[in-house]
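Q: I am new to this structure and would like to go through it step by step. Could we look at it together?
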Amino acid sequence: MILLEETEMSMPQRSFKAGHAIPLITLNRGHFRSPWAWRRKRRPLSPQQWSHAFSPDGRLVDGGLKVLKIVRSGGIDSRIRAEVWPFLLGVYDLMSSKRERDLERIRMRAEYEKLRRQCEFLQSEQDSDETNGEVIDISVEEKRLGSEQDNAVAASAEDVGRSSESVFIESESIYKKGSKLLDPLPTGNNSQRTDEASSDCESIVEDDSVMVKYDVSDEDSHREREDHLDGESTDEYNLIPVKSSVNVNDGHTQDGKSSDIEVKFDRIKSLKERGPKALEDFSTWQRIIRLDAVRMNAEWIPYSPSQANVSEEEALVLGCHVGLKNDEHLEPCRKHHAARLVAILETYALYDSEIGYCQGMSDLLSPFVALMDDDYEAFWCFVHFMRIARDNFRLDETGIRRQLGIVAKIIKTKDPQLYKHLQKLQAEDCFFVYRMVVVLFRRELTFEQTLCLWEVIWANQAAIRAGIGKAAWKKGKQRAPPTSDLLLYAIAASVLQKRKLIIEKYTGMDDILRECNNMAGHLDVWKLLDDAHDLVAALHNKI
């Protein structure tokens, strides 16, 4: 109940003369104050808190519990997002040491480069129409490759701790023994591909690509022939350099021959396993990725000053290397961003060929590219992010329908009257929030709001992975236990916020769908999270 020092009932009965003080009316919410009212005074994880969260050997104190609580209630300071995100997404284990993370970075970079070589090879094969012209005995090449790899490992092991080769070998050893730092995503057979290249693209600083997943049946409507660039093509096995503070040498690339053999063997084996349909799918994804990449807006620019100031020359070279087209109208920074999207999304389609590319993936990748200067790190963060979101892009939509069902159940449990009205409108399947589920509110929230929402969601998921029990979250602001379905609670909360309009004015699902689309730019992300956590606290044992 709201108490007033001067009640509204008594005010009309009193007359106020000039010079008399008018009594002050104040609100006393008392203990009825929302437990999530702290959202107005949001305190994100600061650089100081982050630096003090590590022990001398580089491990997070308390298994990262304090950090997760701060992020869960206030997000992350924009200056340290690129450092914190890999921990939240599980790229680095919360209990990992600095040395383990350094080794893991080297392993991730090398694997990303290998995938990029495969992409480049596929592109060069498509360009030359000579995919079937390469005749190599795989068994012979495998033996030769294995022999040269053994020699490289033996040579590099003599200088352990001093050369980057030995560090990489050690990181591989840790990984093979069951390192929890990064588990590869189980996928189907990997397909291979490469970006269009020309002799003008002699040196690239970084390379990323945007990829959108489309049904291959749409290929005919999108099969625009891209003109080949003038001049001689570059070496089909050249690797796009990736920015890194570590110069990784895998131990068998001194003369380039061993590296070429390895790449050829992997590519040809993959092509034989997957057949011509894989190449056709990959080619379709490539074309659509390039179309979507150049359509990305510029809302990310304030969050990436270094990339915003990229030179015209660097943007042109990188765009040329990945075969970017129809980008003449873009500023250098947007060309550069689009080229990076292309490279990373192509690589992801090869890495997770079961999913490939779907429309919407470019929206999800863009924040990673904007905040991270190293392509390999943005790629692996995106891979871990997609472990959560990849079911949204299955052609059978089973993942989407499961999540829509949970949203419907939350609404039904919290507000039976609203749910009955949705049934009358034949909208009880909650299909009107389809877009929110697919791209995780990316279209409904601003760039900054999206990052805040995602960070809170990731903090919940990280707490679950770390096995942090419910007891750690039962008091005060943290009373809602972590849940892997926080996104769905937030979506249900956004619908519940509009319950009066839906019940009193809307007469069909089209009306509700229109209202959901109109939410873009009008949502308060912290109010949304406030309501979502209230729903979790009240319903997590019932859903």
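Q: To start with the helices, is the crossing of α15 and α19 right-handed or left-handed?
A: The crossing of α15 and α19 is right-handed. A crossing is called left-handed if the near helix is turned anticlockwise from the far one by less than a right angle, and right-handed if clockwise. Helices here are DSSP runs (H or I, at least four residues; strands are E, at least two), numbered from the N terminus.

Q: Before we continue, what kind of model is this?
A: This is a predicted model, in which local features need pLDDT of at least 70, side-chain atom pairs count only at pLDDT 80 or more, and totals for chains, interfaces and linings use all residues. Residues are numbered from 1 along each chain as its sequence is written, and side-chain values use heavy atoms, with hydrogens and water left out.

Q: Back to α15 and α19: at what angle do their axes cross?
A: The axes of α15 (residues 398-414) and α19 (residues 486-496) cross at roughly 50° and come within 9 Å. Axes are lines fitted to C-alpha atoms, for helices over the stretch in contact, and angles run from 0 to 180 degrees between N-to-C directions. The two helices are therefore oblique to each other; angles under 35 degrees count as roughly parallel, over 145 as roughly antiparallel, 65 to 115 as roughly perpendicular and the rest as oblique.

Q: And how do α3 and α13 pack?
A: Helix α3 and helix α13 (residues 361-371) pack at an angle of about 135°, with their axes 9 Å apart. That makes α3 oblique to α13. Their crossing is left-handed.

Q: How many residues of α3 are buried?
A: In α3, 7 of the 9 residues are buried, so this helix is largely enclosed by the rest of the structure. Buried means under 20% relative accessible area, exposed over 50%, and partly exposed in between (1.4 Å probe, protein chains only). The buried residues of α3 include Arg81, Trp85 and Phe87.

Q: How many in α13?
A: For α13 the count is 11 of the 11 residues, so α13 is also largely enclosed by the rest of the structure. Among them are Met361, Asp363 and Phe368.

Q: What follows α3?
A: Gly90 follows α3, and its phi is positive, near 90°.

Q: Which residues other than glycine have a positive phi?
A: Gln426 is one of them, with a positive phi of about 55°. Leu440 also has a positive value, near 50°.

Q: Where are those two?
A: Gln426 is in the loop between α16 (416-424) and α17 (434-438). Leu440 is in the loop between α17 and α18 (447-465).

Q: Are they buried or exposed?
A: Gln426 counts as exposed, at 66% relative accessibility. Leu440 counts as buried, at 6%.

Q: Changing topic, how many aromatic pairs are there?
A: Rings of Phe, Tyr and Trp (its six-membered ring) pair if their centres lie within 6.5 Å; planes under 30 degrees apart count as stacked, over 60 as edge-to-face and the rest as tilted. By this rule the count comes to 20 aromatic pairs. In one of them, the rings of Phe54 and Phe87 have their centres 6.0 Å apart and their planes at 65°, so the pair is edge-to-face.

Q: Where do Phe54 and Phe87 lie?
A: Phe54 lies in the loop between α1 (47-51) and α2 (65-74), and Phe87 in helix α3 (residues 81-89). The pair links distant parts of the chain, 33 residues apart. Phe54 is partly exposed, with a relative accessible area of 21%, whereas Phe87 is buried at 6%.

Q: What about Phe379 and Trp380?
A: Their ring centres are 4.9 Å apart and their planes stand at 75°, so this pair is edge-to-face. Both residues are buried. They belong to one aromatic cluster, whose members include Trp85, Tyr112 and Phe368.

Q: Which residue lies over the face of Trp380?
A: Arg107 does, at 6.0 Å from the ring centre. A charge sits over a ring if NZ of Lys or CZ of Arg is within 6 Å of the ring centre and within 35 degrees of the ring normal.
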